[in-house]
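This briefing goes with the sequence and structure shown below.

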Amino acid sequence: MGNSAYLKKYVENHPNNKMAWYLLGKEYELNGQAGKAHYCYIQAGNVYEAFESSKIPLPEEVLSGYKEGLMQETHRREKRSRFLRKFSLALLIALLMWIPSADAPGNRPAIVPASAGVELGETPADVPPLAEDEAEGGAPPVAPAFSGPAFTAIGYAGDPVGTQAEAVGGLLALQRQTDFSPLHAAALGMERAGDWLVWSDDLPVVFGLEQSPADGRTTLQAYDPAACECTPPDPTELQKHAKVWIPQQESLGVLASAMTHYKQAKGAWPSSLQDLTGPYPDNWIAGTDPTMVQGFGPLLAQLKNKGIAATGKENETAVLAEGMAPGQRPYFAEPYEIIVDTQAHVLAVVSGNVIVRSYPVGLGGDKTPEGTFAISEKVMNPNGRDNGEFGSRGMQLSDTNYAIHGTNEPDSIGKDESLGCIRMGKKDVEELFDLAPKGTKVEIGKGILPKLKNVPAERFALGDRQDQTNPHRTYHWLD
């Protein structure tokens with residue numbers, strides 16, 4: 001491995017080391033890569049200026065010695081990373097071997113990460129660091145095929161050690177909730193944006209859990225080649241299942257949110273899906289779909305069970321109701337909320353720290369109020385039009401004259417041109433109308449969201465829509 005490669009790794013791990021940037025720039029310059037050298041010199045800042053403008057040249061042996069030290073440190077980090085990866089897997093295996101037997105019927109087999117080649121019983125001394133060229137000899141192992149309908153989702157930044165425990169925890173939760181064997185489950189990876197995780201319609205498969213019908217062994221498989229140091233199995237079939245699971249979870253998130261808000265407003269849970277899909281003003285949700293029809297009963301039982309658990313009247317572990325297929329078990333644990341960042345001009349639908357959707361919006365600058373509100377009214381075609389000043393959808397914020405609505409001035413999106421309301425594009429506001437039930441909490445503030453647009457190629461839309469117009473009122477929201 002050349003000097004520039006080692007130095008590149010070093011600056012990736014130590015981006016604030018200006019001397020390292022300067023030395024990397026020198027390497028690129030010597031190799032005739034002027035553009036890359038220029039970029040490195042910019043990162044080096046005052047270090048570059050000090051050395052290049054100095055009338056007394058620094059002895060070459062000093063630069064060489066410093067460079068050698070950086071390369072040795074990078075080499076040590078590589079070896080340590082390999083060792084920690086295997087040590088962490090061995091420790092995780094030992095821990096997982098004990099956990100399932102404590103809370104599951106019978107003794108579940110231990111989870112064995114076949115991709116790492118670590119067997120139970122090894123100690124850290126049995127897992128020496130890999131030699132520098134060890135991975136270069138021979139063809140990489142091919143992992144066994146894997147498929148299945150049960151999913152969870154985790155934050156994944158390409159760091160196998162940092163995310164493996166989270167993946168195993170989520171997959172084990174699926175295992176405990178599932179009464180079929182052999183178990184097939186997979187963890188999908190969400191990108192990180194600061195403290196947020198970003199949900200999308202094409203989340204990649206990053207880890208899988210499979211129980212062999214032959215010997216009962218459970219295998220943890222990484223689907224990122226960098227994580228497993230192997231040729232991972234083809235995830236195509238899993239990705240097909242995931243493309244079905246993702247919109248199902250969005251529907252269940254809408255349904256669970258609506259049921260929760262209905263309970264808060266009425267003091268009792270809805271007895272049927274029809275309680276949530278009445279005509280305006282009882283349109284808690286904008287319509288239904290097959291996932292909601294199938295999932296209403298089991299989801300209602302689960303929410304009731306959680307409510308009982310919260311009072312301490314029953315075991316704190318809420319058991320999922322029977323009748324819901326493993327691939328349809330709800331992922332979003334918290335009701336959907338809407339967050340509006342007036343600084344970034346972004347509106348997001350979130351569940352906990354997961355950004356489900358993120359849209360650009362038009363605002364009113366200081367005229368847009370900050371604080372916490374709730375969607376108190378949802379109406380289609382306000383004032384009898386789908387192309388008027390409020391567009392085709394309107395969602396009033398508590399008992400105010402402010403609303404989230406469409407607009408007939410699409411060029412105002414991203415600007416402060418409204419009288420205080422939140423303007424959205426037509427496709428965005430119509431999708432939000434279906435995602436956000438009546439009662440959804442709305443928080444408006446500054447600097448609370450990343451500036452990103454997160455919408456799927458195929459928008460979320462509910463069918464079997466009821467009448468949600470209101471011809472008896474003329475709306476005077478502060479557009």
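L7 lies in helix α1, which spans residues 3-13. The model is predicted. L7 has 0% relative accessibility and therefore counts as buried, the limit for that class being under 20%.

**Around L7**

- The C-alpha atoms of L7 and L24 are 5.8 Å apart, although 17 residues separate the two along the chain.
- L23 is part of helix α2.
- With a relative accessible area of 2%, L23 is buried.
- Between L23 and L7 the C-alpha distance is 7.7 Å, at a sequence separation of 16 residues.

**Helices α2 and α3**

- Helix α2 covers residues 18-30 and helix α3 covers residues 34-44; their axes come within 8 Å and cross at roughly 165°.
- Because of that angle, α2 is roughly antiparallel to α3, the cut-off for this label being over 145 degrees.
- The crossing of α2 past α3 is left-handed.
- On the α2 side, the contact is made by K18, W21, Y22, L24, G25, K26, Y28 and E29.
- On the α3 side, K36, A37, Y39, C40, Y41, Q43 and A44 take part.
- Sorted by class, this contact of α2 with α3 holds nine nonpolar, two polar and four charged residues.

**Backbone features**

- The peptide bond between Y280 and P281 is cis, with omega at about 10°.
- P281 sits in the loop that runs between α8 (236-266) and α9 (290-310).
- N381 is a residue other than glycine with a positive phi, near 50°.
- N381 belongs to the loop between β10 (371-380) and β11 (393-397).
- The relative accessible area of N381 is 25%, so N381 is partly exposed.
- D464 also has a positive phi, about 50°, and is not a glycine.
- D464 is in the segment after β14 (441-445).
- The relative accessible area of D464 is 66%, which means that D464 is exposed.

**Whole chain**

- Ten helices and 14 strands are found in the chain.
- Of the 479 residues in the chain, 47% are buried.
- Among contacts in the chain with a separation of 6 or more, 67% are between residues 24 or more positions apart.
- The chain exposes about 23,000 Å², and 52% of this area comes from carbon and sulfur atoms.

Technical notes. Residues numbered from 1 in each chain as written. Predicted model: local features only at pLDDT ≥ 70, side-chain atom pairs only at ≥ 80, totals over all residues. Heavy atoms only, no water. Axes fitted to C-alpha atoms, helices over the stretch in contact; angles between N-to-C directions. Helix = DSSP H or I, 4+ residues; strand = E, 2+ residues; numbered from the N terminus. Parallel < 35°, antiparallel > 145°, perpendicular 65-115°, else oblique. Left-handed = near helix turned anticlockwise from the far one by under 90°. Contact = heavy atoms within 4.5 Å. Nonpolar A, V, L, I, M, F, W, Y, C, P; charged D, E, K, R; others polar. Buried < 20%, exposed > 50% of the residue type's maximum accessible area, 1.4 Å probe, protein only. Areas by Shrake-Rupley, 256 points an atom, 1.4 Å probe, with all protein chains shown as cover.
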